[in-house]
Amino acid sequence: MQNVFGGAADNYDAARPGYHEGLVGEVLRYAGPGHRTAVEVGAGTGKATVLFAAAGVEMTCVEPDPKMAQLLRANAPEVSVEVCAFEDWSPGDRPRDMLLAATSWHWTDPVRRWDLAAAALNPDGIVAIFWNPVGVIDPALHADLARVNPRDTDLASGFGVRAGDWDEAYGMWPEAELEKDPRFGDVTTVRFREEISYATADYLKLLDSTSTYRLLDPAEREKALAAVGDIVDRHGGVIHLALFTDVCLARKARPTFGPG
């Protein structure tokens with residue numbers, strides 16, 4: 001994740017959508033009383049951080065990109081920020097009650113991430129992996145975007161997808177991984193849905209903050225964004241989106257000991 005988003009940190013902070021207002025309450029209800037410390041993996045500029053910090057959670061945020069971390073500190077000065085990859089972070093002698101990952105878990109090492117998650121948590125700790133897929137509501141606008149700029153309908157980016165595709169697809173890949181791992185149990189998924197709108201310029205900032213666009217050659221990125229901007233302008237200069245907050249929760253399983 002390092003160096004992918006740093007070049008668009010300001011756009012990321014300004015244009016990326018936040019998370020549904022019900023997210024924090026859902027996570028804290030699942031966690032149970034007394035769960036008030038958390039490590040957040042790939043905290044970015046703090047889109048989720050500020051919500052949990054405002055609810056009284058003591059946050060340690062792990063963010064590998066220095067530019068993103070700088071904005072994170074400005075947005076949430078009360079939290080602890082460590083500029084490193086999750087794979088290089090250690091809880092030391094302070095395992096946390098919760099591990100949070102907001103649209104970041106897919107950037108972690110698939111071989112090591114659940115080992116690291118288990119090591120980061122107290123015996124009754126929980127993981128909360130969540131993200132926010134976005135879909136275009138207007139089918140005509142979606143069709144025009146798909147014809148002119150196929151990258152804008154890339155499912156991996158989550159932006160520009162037809163809203164109905166997300167309405168119909170409710171699969172959470174961390175759920176399958178967690179259900180195979182005996183160190184975790186009580187796997188639960190929750191989905192929230194709302195609608196948001198962007199003027200053309202703000203939508204282009206949003207796209208510019210996604211990995212799909214950040215990984216393009218700069219000239220190709222500018223051409224692609226210009227094409228999207230022309231289409232949205234022709235449709236009235238506003239794009240209406242369905243915003244989902246998908247949450248996957250699991251509880252660390254206490255070890256069981258056989259007889260003898």
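Setting aside neighbours within four places in sequence, R221 contacts D208, Y213, R214 and L216 in this predicted model. R221 sits in helix α11, which spans residues 218-234. Its relative accessible area is 9%, so R221 counts as buried, the cut-off being under 20%.

What do the polar atoms of the R221 side chain meet? One partner is D208: a polar contact of 3.5 Å links the two side chains. Y213 contributes its backbone oxygen, 3.2 Å from a polar atom of the R221 side chain.

Turn now to the nonpolar interior. In soluble globular proteins, nonpolar side chains tend to be buried together. Here the largest nonpolar core holds 30 residues; V27, F52, M59, M98, L100, F130 and V247 have the most contacts inside it. Two or more residues each come from α2 (23-31), α3 (49-54), β2 (58-62), α4 (66-75), β4, β5, β8 and β9. Helix α2 gives the most, with six. M59 touches A38, E40, T49, F52, A53, V79, S80 and L100, residues up to four places away in sequence not counted.

A second core is separate and has 23 residues, including W114, A117, A120 and W131. W114, A117 and A120 are also among the buried residues of helix α5. How much of α5 (residues 113-120) is buried? Six of its eight residues are.

Key
Residues numbered from 1 in each chain as written. Predicted model: local features only at pLDDT ≥ 70, side-chain atom pairs only at ≥ 80, totals over all residues. Heavy atoms only, no water. Helix = DSSP H or I, 4+ residues; strand = E, 2+ residues; numbered from the N terminus. Buried < 20%, exposed > 50% of the residue type's maximum accessible area, 1.4 Å probe, protein only. Contact = heavy atoms within 4.5 Å. Polar contact = N/O pair within 3.5 Å; in protein donor to acceptor, adjacent residues only side chain to side chain. Core = buried A, V, L, I, M, F, W, Y, C linked by side-chain atoms within 4.5 Å.
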